[in-house]
Amino acid sequence: MDFRLTDDQLKIADSARKIAQKFGPEYWMEKDRNREFPEEFWNTIGKARFPGIIIPEKYGGLGKGLSELIIAVEELDENGCGYGGSAHLLLSTICTTAILRHGSEEQKKKYLPKIARGEIKCCLALTEPDAGSNTLNIKTRADKKNDRWIVNGNKIFISDIDQAGLMLLIARTTPQEKIEKKGLGLSLFLVELPDDSIQYHMIPKHGMNYSKTFQVHIQNLQLSKDNLLGEEGKGWYHVLNSLNPERMVIAASAIGIAKLAIKTAVEYSKQRKVFEDPIGSYQGLQFPLANAYAKIEAARILNQKAAWLYDTGAHYREVGATANMAKVVAVDAAIEAVYHAMQIFGGYGYAVQYHVERWWREVNLFRLAPVTQQLALAFIGEHVLGMPPSYRR
Ligand SMILES: Cc1cc2nc3c(=O)[nH]c(=O)nc-3n(C[C@H](O)[C@H](O)[C@H](O)COP(=O)(O)OP(=O)(O)OC[C@H]3O[C@@H](n4cnc5c(N)ncnc54)[C@H](O)[C@@H]3O)c2cc1C
């Protein structure tokens, strides 16, 4: 087993680190405060073709794998960006993996080069108010009329729809009562934005305000066979292949934010004296941070294994098992790390200008999205341990 990075991986890590150092915590504090899309940052990573790390060179990407993508994500987040470094990359990754695996040659040629250069931003429209974690229960319908579909329904928590030129939409094409198997009857569509049939309203939220999140209403959206991604009725199975990379990118983000918070807290703890010695010498502060750091390193290795399984074409269930485990341990460890980093700052940790409160708001998101910790554990319980399912579809 060789844990050293390859020359290509070192180059990507180096390039990500240099970009992150230009867009440090002050930049993200402003973007978060002003609820502003990080245009300058996005243009810079677009020039470096980071949204195209996993896109083959023949479609304008860097032709690398998920292993390289998670290295870039960790480096961006760890070296000053926090979640800002990867929030938007995450969404292009989901669309990209779906198009790469299930898209026609026309769809690949049309969208991938623009995604790779950051010219098209992406969003994912999966979650619905009445379905939540029970995705198979979604109510958005795409009714077929001749060669076209008419889409009606509501989505919730859709991030970046205000920025995106392309939306990956999941909708029901066959009513639940007419399907033979629970996972069937849903289809994936690529929808170009903006479109007058799609209205949205912002949901004010706890963190990650440089990426806005919306409630979405779709009324009589007209789609043709050119919009269909993959096979009609198999959308659920198609999207599963993209949800595993999503978990890995989130795990990498959690790891990057945790390391950034730890690094910042360690620096502060060496300077800050309340009694005679720097507060960093107190074991009550040092051990929790050291403990969280050890867990973060363990999560990082697990996440690298998940990416390696994906890159080497392992079965999606095997990738799913490792990706869910990596997500669970990385997020738990990151929450622990940022919690203790914030404690080191005392009252200053609560002040916006010290940044750690922003990282705290960021890691909190990962308990809930893209999959909750409980649902990831339910997957492990059922599919890894072979225990009875904790829910019925
Ligand atoms: C900031 C933000 C951005 C988002 N961006 C997007 C996006 O871009 N696109 C998109 O499609 N979605 C997005 N989401 C949605 C996100 O993926 C969902 O919020 C998440 O999957 C959970 O669904 P829910 O909120 O409906 O919770 P629910 O499904 O209502 O769950 C509520 C609670 O019950 C628990 N629970 C439910 N079932 C079980 C069970 N069987 N066993 C144990 N516990 C259970 C859950 O873990 C959770 O704690 C975003 C969410 C947020 C907060």
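First, a term: two residues are in contact if their C-beta atoms, placed from the backbone, lie within 7 Å. Now the ground rules. This is a predicted model, where local features need pLDDT of at least 70, side-chain atom pairs count only at pLDDT 80 or more, and totals for chains, interfaces and linings use all residues. Residues are numbered from 1 along each chain as its sequence is written.

Domains next. The assignment gives domain 1 (7-120), domain 2 (123-232) and domain 3 (236-384). Such bounds come from an automatic or database domain assignment.

Look at domains 1 and 2. Their centres, taken over C-alpha atoms, are 24 Å apart. On the domain 1 side, 21 residues are in contact with 17 residues of domain 2. Elements giving two or more residues to that side are α2 (25-33), α5 and α6 (105-116). Helices here are DSSP runs (H or I, at least four residues), numbered from the N terminus. The most comes from α5, with 8 residues. By class, that side has 12 nonpolar, 5 polar and 4 charged residues. Gly counts as polar; Asp, Glu, Lys and Arg count as charged; Ala, Val, Leu, Ile, Met, Phe, Trp, Tyr, Cys and Pro count as nonpolar; the others are polar.

Now, which residues of α5 meet α7? They are L90, T93, I94, T97, A98, R101 and H102. Their partners in α7 include H238, V249 and I250. This contact has 7 nonpolar, 6 polar and 2 charged residues.
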